[in-house]
Amino acid sequence: QGKRFAWLMKSEPDTYSIDDLARDGETPWEGVRNYHARNFMRDLMQVDDLVLFYHSNADPAGIVGLGRVSAPAQTDLSALDPSSPYYDPKSSADAPRWCCVRVSFV
């Protein structure tokens with residue numbers, strides 16, 4: 001059994017807040033378009049790792065709640081959807097560039 005981590009994951013209250021996560025119970029952490037962060041999700045995040053839910057564009061800014069990784073990395077389907085703000089035309093179902101983990105509210 002390897003080391004367990006607590007990951008800092010940022011979302012703004014007007015995009016997807018901790019209250020949204022509490023209401024939904026679980027969500028895919030989609031829309032991450034940073035290769036370094038993608039690699040962490042794909043290679044290192046494990047089910048049951050804790051998530052520190054952070055709002056930086058808030059008053060006050062800071063950690064506003066806890067979550068946990070509830071499912072391992074999978075293809076980020078928002079990258080394949082032309083109507084999504086996270087669409088990436090260079091990503092395809094056969095060769096996806098982006099992934100996401102599922103996060104649940106704690």
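User: Leaving aside neighbours within four places in sequence, which residues is Asp-48 in contact with?

Analyst: Arg-4, Arg-68 and Val-69. Contact here means heavy atoms within 4.5 Å. Note that this is a predicted model: local features need pLDDT of at least 70, side-chain atom pairs count only at pLDDT 80 or more, and totals for chains, interfaces and linings use all residues. Residues are numbered from 1 along each chain as its sequence is written, and side-chain values use heavy atoms, with hydrogens and water left out.

User: Where is Asp-48 found?

Analyst: In the loop between helix H2 (35-43) and strand E3 (50-55). Helices (H or I, at least four residues) and strands (E, at least two) are DSSP runs, numbered from the N terminus.

User: Which side chain does Asp-48 join through a polar contact?

Analyst: That of Arg-68, at 2.8 Å. A polar contact is a pair of N or O atoms within 3.5 Å; within protein, one must be able to donate a hydrogen and the other to accept it, and residues adjacent in sequence count only if both atoms are side-chain atoms.

User: And what separates the C-alpha atoms of Asp-48 and Val-69?

Analyst: 5.2 Å, with the two residues 21 apart along the chain.

User: Switching to Asp-76. Buried or exposed?

Analyst: Buried, at a relative accessible area of 1%. The cut-offs: buried is under 20% relative accessible area, exposed is over 50%, and partly exposed is in between (1.4 Å probe, protein chains only).

User: Where does Asp-76 sit, and what does its side chain touch?

Analyst: Asp-76 is in the loop between strand E4 (62-75) and E5. Its side chain makes a polar contact with the side chain of Arg-33, at 3.0 Å. Beyond its neighbours within four places in sequence, the contacts of Asp-76 include Glu-30, Gly-31, Val-32 and Trp-98. Cys-99 and Cys-100 are also among them.

User: Now salt bridges. How many are there in the whole structure?

Analyst: Eight. A salt bridge is a side-chain nitrogen of Lys or Arg within 4 Å of a carboxyl oxygen of Asp or Glu. Side chains of opposite charge can pair when their charged atoms come close.

User: Which residues are linked in a network of them?

Analyst: Asp-20, Arg-23 and Asp-24. Asp-20 and Arg-23 meet at 3.0 Å, N to O. Asp-24 and Arg-23 also pair at 3.0 Å, N to O.

User: Why are Asp-20 and Arg-23 about one helical turn apart?

Analyst: Because they are three residues apart in helix H1 (residues 18-24).

User: What else is Asp-20 in contact with, leaving aside neighbours within four places in sequence?

Analyst: Pro-13 and Thr-15.

User: Which residue forms a salt bridge with Asp-43?

Analyst: Arg-42, with the closest N and O atoms 2.8 Å apart. Asp-43 is partly exposed at 48%. Arg-42 is partly exposed too, at 44%.

User: On to the inside. How many residues does the largest nonpolar core have?

Analyst: It has 15. Those with the most contacts inside it are Met-9, Trp-29, Met-41, Met-45, Val-101 and Val-103. Strand E1 (6-10), H1, E3 and E5 each supply at least two residues of this core. E5 gives the largest share, three residues. A nonpolar core is a set of buried Ala, Val, Leu, Ile, Met, Phe, Trp, Tyr and Cys residues joined through side-chain atoms within 4.5 Å.

User: What is Val-101 in contact with, beyond four places in sequence?

Analyst: Met-9, Trp-29, Met-41 and Met-45 are among its contacts.

User: Last one, Asp-59. Buried or exposed?

Analyst: Exposed, at 79% relative accessibility. Asp-59 lies in the loop between E3 and E4.
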